[in-house]
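These are my notebook entries on one structure, taken down while I looked it up. I set out the conventions where I needed them.

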Amino acid sequence: MQATESIQKLRGVGTQRIAQLEKLGIRTIGELLLHYPRAYIDLSAPFSISGAPYDQPCVIRAKVLRKYPPVRLHTGISLYRVQAADESASLELTFFNTKFAVDQLDCDTAYLFYGRAEGSLLHRTMSAPQIYPLQNAHLYQPVYPLTAGLSNKVLFGLITQALQHKPQLPELLPEALRQELLLDGINEGIFNIHLPQNADQLTRARRRLMFEELFTLAVGIGLLRTQTRNCRALAMQPCSMQPFYAALPFTLTGAQQRAITELLSDLQGTTPMNRLVQGDVGSGKTMVAAAGAYFVAQSGAQAALMAPTELLARQHYEGLSSLCGSLGMRIGLLTGSMTAAQKRKVRQQLEAGEIDLCVGTHALLSEGVSFHRLALVITDEQHRFGVAQRAALQQKGEHPHTLVMSATPIPRTLALMVYGELDVSVIDELPPNRQPVKTYKISSGKRERAFGFIRQHLDRGLQAYIVCPLVASGEVETGLQAATDYAAQLSSNDFSGYCVSLLHGKMSASEKERVMAGFQAGSIQLLVSTTVIEVGVDVPNAVIMMIENAERFGLSQLHQLRGRVGRGSEQSHCILLSDTRSPDTLERLMMMCRSNNGFEIAEYDLKTRGPGNFLGQQQHGLPKLRIADLTTEPELVAQAQAAAQTLLHEDPALSQPAHQPLRQACEQLMDAVGERPN
Ligand code: ADP
Ligand code: MG
C-alpha cells in the first residue's frame with residue numbers, strides 16, 4: 001500500500017468514514033499516518049486504588065469481584081455497578097447503558113481501568129471507565145484529535161491497519177543530518193508515534209517528528225527570504241536628516257538613533273528591506289517610522305503606514321501631521337469609515353504621487369488603491385496582521401522595503417523562528433525623564449479608595465483610564481452592557497461633576513473619534529473603556545490606569561494596557577483590581593507589580609501560562625504545526641534553524657533531486673499561510 005493512496009483502500013472505510021476523515025484533513029494513507037496522537041494513556045504504571053489521584057483521569061489496576069444486576073433509573077437509563085478491589089482498597093465501577101462493557105468483564109480477573117477516580121478514601125468510585133486487559137499489546141494508548149461520529153477506537157483501528165501494510169513515507173531529512181543528531185528514520189518515527197512499546201521509543205519518535213516539522217518550517221522561511229533577497233527594490237538616495245532632527249521637539253534616544261541608522265542603510269540598498277523594530281511600549285517607535293518616511297520622500301518616493309485600528313491610524317495621522325507639515329511632506333489618511341468621495345480623492349492623490357506618506361488601516365490593502373512610487377511599507381503592531389496581509393501590501397509596489405513595528409516582546413528563541421526572515425532592530429531604551437509606572441494590586445473592597453485617589457489626580461488637571469474586560473466572544477454583549485452601565489454609574493455617583501466618557505469597539509468610527517479627540521484635548525477627564533485602547537493610544541496627560549477584573553487579562557496584555565500611562569513626566573499609577581483567590585493568578589499579578597520590563601514579563605507569561613495563551617497562531621501568522629511547539633523546545637528549534645541554514649547554503653533553491661520531497665513539504669506548509677516560496 002502506498003502512502004499516496006486513498007483511505008478507501010482500508011477495510012471498513014465507506015462514504016460516511018470518508019466524510020468524517022475529510023473533516024480532519026485526511027484523504028490519503030499518508031495523511032492518516034500524519035494524524036498524530038494528542039496524548040497517550042500510559043498503561044505501564046497503573047495506580048493502586050488508594051493511591052489514585054482525585055483530580056485527574058488515571059489508570060487503576062483492580063480485580064473484578066462482583067457484578068450487580070442492572071438498576072433501571074427513572075430516567076430510563078440502565079445503571080450497571082461492578083465491585084472491584086486490589087490489596088489497598090475497593091473500587092465501585094459504574095456504567096450507564098453500556099451492557100457490552102460490563103459483559104466483557106470476568107469475575108476474579110484483573111483489568112486496567114482508565115477514568116476519573118472519585119468518592120472518598122473509604123469508598124472510591126469510577127464512572128464509565130475505559131477497560132483494558134492486563135496483557136495489553138499497547139502500553140501507551142494513543143488519544144487522537146477526533147470529529148463527531150468518529151471514535152478514538154475506530155481511528156486507532158484504521159491507523160493500525162494502515163501501519164500493517166508498511167506504507168513508505170518520503171524521508172525529508174538528509175542522511176548525514178539524521179546521523180549527526182541521532183534521529184530515527186521517518187517510517188520508524190511514524191510507527192512509534194502511534195504504537196510506542198516503551199517510553200524511550202515514544203520520546204525518540206516525538207523528537208524525530210518535531211525536528212522534521214521545525215526543520216521544514218525553518219527551510220520554508222529561509223526560502224522566502226532568499227526569494228525576497230533576489231528581488232530588486234528601489235534604492236533611496238543618501239540625504240541629510242538634519243532638517244528632520246531639527247523639526248523634532250526632543251532629542252532622539254541612542255536606541256532610536258541606532259534603529260534609524262540601520263533602517264536608512266537598508267533603504268539605500270537594492271535588496272528589499274525586511275526589518276522588525278521591536279521596542280517596549282512608549283519607547284518611541286513612531287519616530288523611527290517617521291524618519292524612514294522622511295528619507296523616502298527626499299528621494300521622491302512614497303511610504304505607507306498601516307495600523308491595526310481606525311483609532312490608531314487617526315492618531316498616527318494627527319500626531320504626524322504637524323511634523324510632516326513643517327518638513328514639507330504631504331500626508332494622507334485612508335480608512336474604511338471615510339466617505340466614498342473622501343477615499344476616491346486620496347486614491348487619486350496616491351496614484352498621482354501627491355501624497356508622500358499615507359497612513360491607514362486595512363483599507364490600504366483594498367483593490368482600488370495603487371501608488372505612484374511606493375518604496376516603504378510600515379506596519380504598526382504587526383502581531384495583529386498575518387503574513388498574508390503583509391504580503392498583500394507589499395504587492396502594491398515593486399518589492400517595497402518593509403518595516404514592521406511591534407511592542408510585543410517575543411522571547412529570543414521564538415523570534416528566531418517567527419521572524420526568521422526579518423532583521424531586527426531593538427529599541428531598548430525609553431525616552432529620558434520617564435518615571436516607571438507604579439503598579440498595585442487591590443481587591444474590590446478598596447475600590448472606593450482607588451476612586452478617591454483618581455479624583456485627587458483629576459482635580460490636578462490630570463486624566464485617567466478605567467478598563468473593563470470584554471471576555472470571550474459569547475460574552476461580548478453582556479461585557480459591553482457592563483461597561484456601559486459602569487460608565488453611567490460612575491458619572492452619576494463617584495465621579496459626578498467630572499467629565500466621564502465611554503469608549504468601546506462597537507461604537508462607530510466617528511463616535512470613537514469624537515471621544516478620543518475629547519480625551520486627547522483634555523475635556524474628557526475619565527475614560528471608561530474596553531480594551532480598544534490597548535494598542536498605541538498616546539495621551540501623556542493620562543496618569544492613572546485602573547483595570548477591573550485584572551485576572552482576566554494575560555500579562556502581556558496588561559503590560560500593553562499599562563503602557564498607555566507613564567508617557568509624560570508626571571508619576572503614573574496602574575491599579576489592578578481583582579478578587580482572585582487563586583495563588584497562581586495572584587502571583588502573576590504580583591509579577592506586574594514587580595516588573596516594568598516587557599521582555600521579562602513576556603518570558604514569565606510564557607513560562608506560567610504556556611504558549612497558547614501568549615501568542616495565538618494567527619498572531620504571528622505562522623502555519624499550524626502538527627506536533628512541534630515553538631516555545632517549549634528551544635534547543636530543538638535552534639538545531640532545526642541551524643540545520644536549515646546549512647542546507648540552504650549548499651542548495652539555496654532546493655533544486656537538487658534529493659531535496660525535492662523536502663521542497664514539496666515546505667511549499668505545502670507555507671501554502672497554509674498563503675505565502676509560497678518560489
Ligand atoms: P511606541 O513605541 O509605544 O509606539 P510612541 O512612538 O507612541 O511609542 O512614543 C511615545 C511617546 O514618547 C510619544 O508621546 C512621543 O512623542 C514621545 N517620544 C518619542 N521619542 C521621544 C524622545 N526621544 N524623547 C522624548 N519623547 C519622545
Ligand atoms: Mg506605537
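Entry 1, the ligand shell. I sorted the shell around ligand 1 by class and found 4 nonpolar, 7 polar and 5 charged residues. For this sorting I counted Ala, Val, Leu, Ile, Met, Phe, Trp, Tyr, Cys and Pro as nonpolar, Asp, Glu, Lys and Arg as charged, and the others, Gly among them, as polar. In total, 16 residues surround ligand 1, the closest being Gly 282, Lys 285, Thr 286, Arg 434 and Asp 538; a residue is near a molecule if one of its heavy atoms lies within 4 Å of it.

I note that this is a predicted model, in which local features need pLDDT of at least 70 and side-chain atom pairs count only at pLDDT 80 or more, while totals for chains, interfaces and linings use all residues. Residues are numbered from 1 along each chain as its sequence is written, chains are lettered from A and ligands numbered from 1 in the order in which they are written, and side-chain values use heavy atoms, with hydrogens and water left out.

An oxygen atom of ligand 1 lies 2.8 Å from a polar side-chain atom of Lys 285. A backbone N or O atom of Ser 283 is 3.4 Å from an oxygen atom of ligand 1, and a side-chain N or O atom of Gln 256 is 2.9 Å from a nitrogen atom of the ligand. Of the 570 Å² of accessible area that ligand 1 has on its own, the protein covers 84% (Shrake-Rupley method, 1.4 Å probe).

I read its order as S12-S13-S11-S14-S15-S10-S16, an open sheet with parallel pairing. Strands are DSSP runs of E with at least two residues, helices runs of H or I with at least four, both numbered from the N terminus; two strands pair if DSSP finds at least two bridges between them. Strand S12 (331–334) and strand S16 (423–427) are the edges, each pairing on one side only. S12 is joined to strand S13 (residues 357–360) by 4 bridges, and Ile 331 has Leu 357 as its bridge partner there.

Between S19 and S20 I found 4 bridges, with Val 500 partnered by Leu 526.

Which loop holds Gln 525? I located Gln 525 between helix H17 (509–521) and strand S20 (526–529). Its C-alpha atom is 4.9 Å from that of Gln 463, 62 residues apart along the chain. The side chain of Gln 525 reaches the backbone nitrogen of Cys 499 at 2.9 Å.

Conventions: Polar contact = N/O pair within 3.5 Å; in protein donor to acceptor, adjacent residues only side chain to side chain.
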